[in-house]
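Could you walk me through how the parts of this protein meet, and what sits around the ligand? Let's take it step by step with the structure open.

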Amino acid sequence: MKKIGILTSGGDCAGLNAAIRAITLRAIQKYGWEVYGIHQGTHGLMRRPVDVLKLDLSFCSEALLRQGGTVLGTTNKGDPFAYPFPDGTLKDISEDLIEGYHLLKLDALIGIGGDGSQAILRRLAQQGGLNLVTIPKTIDDDLSHTEHSIGFMTAVNVATEALDRLQPTAASHDRVMILEVMGRDAGHIALTAGIAGGADIILTPEIPYKMETIAQKIKTLQERGRNFSLVVVSEAVRTESGEKSTIRDETGNSRYGGISHYLANRITELTGAETRFTILGHVQRGGQPISQDRVLASAFGVHAVDLIANEKFDRMVAWQNRSVVDVPIREAIEGYQAVDPNGTLVKTARGLGICFGDEEF
Ligand code: F6P
């Protein structure tokens with residue numbers, strides 16, 4: 001009989017609840033273990049009493065499979081090794097979290113997170129002797145050693161649907177429509193949705209562009225009788241002079257946003273075309289997971305529990321060659337998965353005549 005904990009950490013995405021459900025079903029049905037859901041990422045381990053919810057089979061309804069967000073809550077703030085206090089100081093509270101794990105008498109912890117969360121959890125595990133298994137999730141799909149992370153495919157679907165909706169209105173008004181998508185420093189959402197949604201121009205941080213090339217593509221389409229153009233841009237694409245487009249939030253931290261506004265103005269200057277931009281934002285993270293994310297999350301959840309049963313720790317579950325596998329967490333977080341400018345999807349897009357703003361088309 002084991003006791004395991006689950007936490008979700010970092011930005012939410014579609015498919016997290018499907019993973020929580022799969023872990024709980026496998027742990028209880030196959031092994032008869034006790035499962036505790038830890039609230040709000042590592043914050044739940046910091047609170048006293050430790051902030052957890054015992055998960056049982058009745059918790060694992062089909063509704064959970066379909067539900068967006070994370071029922072356990074999450075946080076992308078508060079690195080426990082430099083935790084911000086109201087007086088402005090930063091303190092190392094890692095020992096409190098480790099104590100939380102031991103107070104619960106956990107045999108293992110499953111952390112569902114991106115690279116940043118996994119790095120923090122691994123450091124905690126090494127410092128405090130925690131038995132850790134991780135599950136990759138991020139709409140950015142930038143974690144290495146796994147072809148996909150939970151949440152990415154739903155985000156791509158949302159961005160594709162946005163293009164489907166933008167195309168008719170672009171055509172009705174003879175406009176250039178620009179869709180700005182998330183992805184942090186990786187262009188996977190823009191590239192994949194751009195192909196699926198029939199974009200004319202895809203801009204990603206990995207492929208430098210020239211405004212003149214973009215303008216030329218739009219003019220060529222106009223000359224061929226196309227009265228509209230669709231552009232997809234990743235939020236981390238920079239201006240021509242290399243500046244990031246950022247928005248400062250209420251805490252003074254800056255995050256990506258706004259490059260589509262800059263591009264719209266420049267396209268109008270260079271082509272005379274009427275332009276509009278849409279920043280898709282967190283719509284890409286919420287909502288129901290599509291089937292691929294439900295399946296991926298379910299496979300990851302079952303495998304993570306089996307790893308614990310086999311006492312294999314410090315591993316991240318991963319998807320490779322149509323199979324669920326596991327890799328050392330260290331290797332996964334030390335690597336990075338960017339868009340490969342020579343990869344299949346970029347070649348496919350070029351083959352379709354999609355312009356990346358970098359070369360003749
Ligand atoms: O990493 C996921 C992500 O959605 C990025 O694509 C985006 O840049 C960022 O998180 C947004 O963070 P927040 O939810 O803090 O605004």
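Across the interface of domain 1 and domain 2, two residue pairs are in polar contact, both at pLDDT 80 or more; keep in mind that this is a predicted model. On the side of domain 1 that touches domain 2, you'll find four nonpolar and four charged residues, and no polar ones. The salt bridge count between the two domains is one. Asp-140 makes a salt bridge with Arg-184, and their closest N and O atoms are 3.6 Å apart.

Now step back to see which stretches of chain we're talking about. The domain assignment puts 3-150 together with 289-320 in domain 1, while domain 2 takes 154-284 plus 340-351. Their C-alpha centres are 33 Å apart. Eight residues of domain 1 touch 10 residues of domain 2. Together the domains bury about 780 Å² between them, with 58% of that on carbon and sulfur atoms.

For polar side-chain atoms facing ligand oxygens, look at Arg-285 at 2.8 Å, His-282 at 3.0 Å and Asn-76 at 3.1 Å. On its own the ligand has 400 Å² of accessible area, and the protein covers 82% of it.

Key:
Residues numbered from 1 in each chain as written. Predicted model: local features only at pLDDT ≥ 70, side-chain atom pairs only at ≥ 80, totals over all residues. Heavy atoms only, no water. Domains from an automatic or database assignment. Contact = heavy atoms within 4.5 Å. Buried area = accessible area lost by both parts, 1.4 Å probe. Salt bridge = Lys/Arg side-chain N within 4 Å of Asp/Glu carboxyl O. Polar contact = N/O pair within 3.5 Å; in protein donor to acceptor, adjacent residues only side chain to side chain. Nonpolar A, V, L, I, M, F, W, Y, C, P; charged D, E, K, R; others polar. Areas by Shrake-Rupley, 256 points an atom, 1.4 Å probe, with all protein chains shown as cover.
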